[in-house]
Amino acid sequence: MKRLFFIAFLAGFVFIFPVTSSMAQAAPATQVQSQSTQGHQATPDDSVSESPFGENQTNRDKPELPAAAPMLPADPNTPAGTTTVNPTDGLTYVWIPAGKFIMGCSPGDTNCDPNEKPREVTLDHSFWMGQTLVTQGAYKRVTGENPSFNKHGDQFPVDKVDYIDAYGYCVAVGMRLPKEAEWEYAARANTTGARYSDDLDSIAWYKDNSFGHSHPVAQKKPNAFNLYDMLGNMWEWTTERSGRDAGGVFLRGGSWMARESTIRVSNRGFDSAEGERRFTSFRCVSGSYTDTQYSSDEAMNPTLEEKK
């Protein structure tokens with residue numbers, strides 16, 4: 001039987017996930033939790049928190065995805081916001097220049113949690129990043145399937161994709177998932193506030209304006225790097241684990257069912273790697289999965305115990 005060994009470098013050592021055409025059912029995953037809930041675990045009846053609605057894993061077949069050749073880097077002097085199309089998935093990608101920024105709680109943001117402590121971060125590499133979330137049309141084009149709960153059209157973001165399948169998709173199109181620092185740097189786009197615009201409704205779908213469902217990508221205004229939906233619409237997987245001894249992975253951006261207070265560039269949600277949620281999606285960045293490393297900075301990678 002053919003096997004695709006999905007390899008991710010996390011926590012300083014290698015995890016190998018065997019992916020077969022018929023994987024056993026995984027244990028039910030934990031709820032995606034926003035750090036602004038201060039450790040509160042929501043239930044399906046919790047009206048103010050994001051809920052998995054009792055969703056469990058299914059025995060759906062996992063696609064076997066061959067790795068594609070990495071997307072070639074652009075000239076380092078390429079202007080920020082320059083776009084290109086990845087021929088494998090047909091999506092547009094935006095050039096994000098190298099730079100320095102303050103990662104974590106923004107000045108004046110009173111909704112921050114302890115694990116959002118500000119620190120200066122330098123990204124010495126430029127990279128391509130998906131201009132939008134991965135769409136259902138692109139996901140079907142690459143994998144031949146659409147696991148989404150909200151099947152409303154090809155331009156809607158794919159949902160109900162766990163971390164392993166999200167990373168597998170990125171590898172299949174010659175890319176990888178973003179690190180937290182890359183994601184926040186790209187989301188801020190040289191701004192310093194809690195959001196990249198003071199007019200939240202103009203940039204994000206969230207609980208107060210989403211009408212209870214996700215929306216097609218690129219319907220709100222982009223940030224200064226020409227990226228859409230970096231806040232709201234769907235939580236986005238990153239490569240960062242939620243602690244040395246924890247099985248969670250950090251997500252960013254908030255979603256269509258998130259409260260206004262959680263729609264912030266420094267806010268950090270988390271879920272198990274097997275979490276398949278109707279409010280979780282992803283976007284890819286250029287680079288090999290071998291670039292993914294665990295950060296030992298405890299200020300930015302607290303254990304789950306510290307979040308209580």
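I began with the strand pairing and found that E236 stands opposite R252 in strand β11. I note here that I am reading a predicted model.

Next I looked up how β11 is held by its neighbours. Strand β10, residues 235-241, is joined to β11 by 3 bridges, and the two run antiparallel. On pairing with strand β12 (residues 268-272), I found that β11 and β12 are also antiparallel, with 5 bridges between them, and that R252 stands opposite R268 in β12.

I then checked how covered β11 is, and since 5 of its 5 residues (248-252) are buried, I wrote that the strand is largely enclosed by the rest of the structure. In a regular strand the side chains alternate between the two faces of the sheet. In β11 I saw G248, F250 and R252 pointing one way and V249 and L251 the other, all of them buried.

I turned to the disulfides, and a search of the whole structure gave me 2. One links C105 and C112, with the sulfur atoms 2.1 Å apart, and because the torsion about its S-S bond is about 90°, I recorded this disulfide as right-handed. Both C105 and C112 are buried.

The other joins C170 to C284, S to S 2.1 Å, and its S-S torsion is about -85°, so I recorded it as left-handed. C170 lies in helix α2 (residues 163-172) and C284 in the loop between β13 and β14, so this pair ties together parts that are 114 residues apart in sequence. I found C170 and C284 buried as well.

Last, I looked at helix α3, residues 180-188, where 9 of 9 residues are buried, including W183 and Y185. After α3 comes A189, whose phi is positive, near 50°.

Key. Residues numbered from 1 in each chain as written. Predicted model: local features only at pLDDT ≥ 70, side-chain atom pairs only at ≥ 80, totals over all residues. Heavy atoms only, no water. Buried < 20%, exposed > 50% of the residue type's maximum accessible area, 1.4 Å probe, protein only. Helix = DSSP H or I, 4+ residues; strand = E, 2+ residues; numbered from the N terminus. Pairing = 2+ DSSP bridges. Disulfide = S-S within 2.5 Å.
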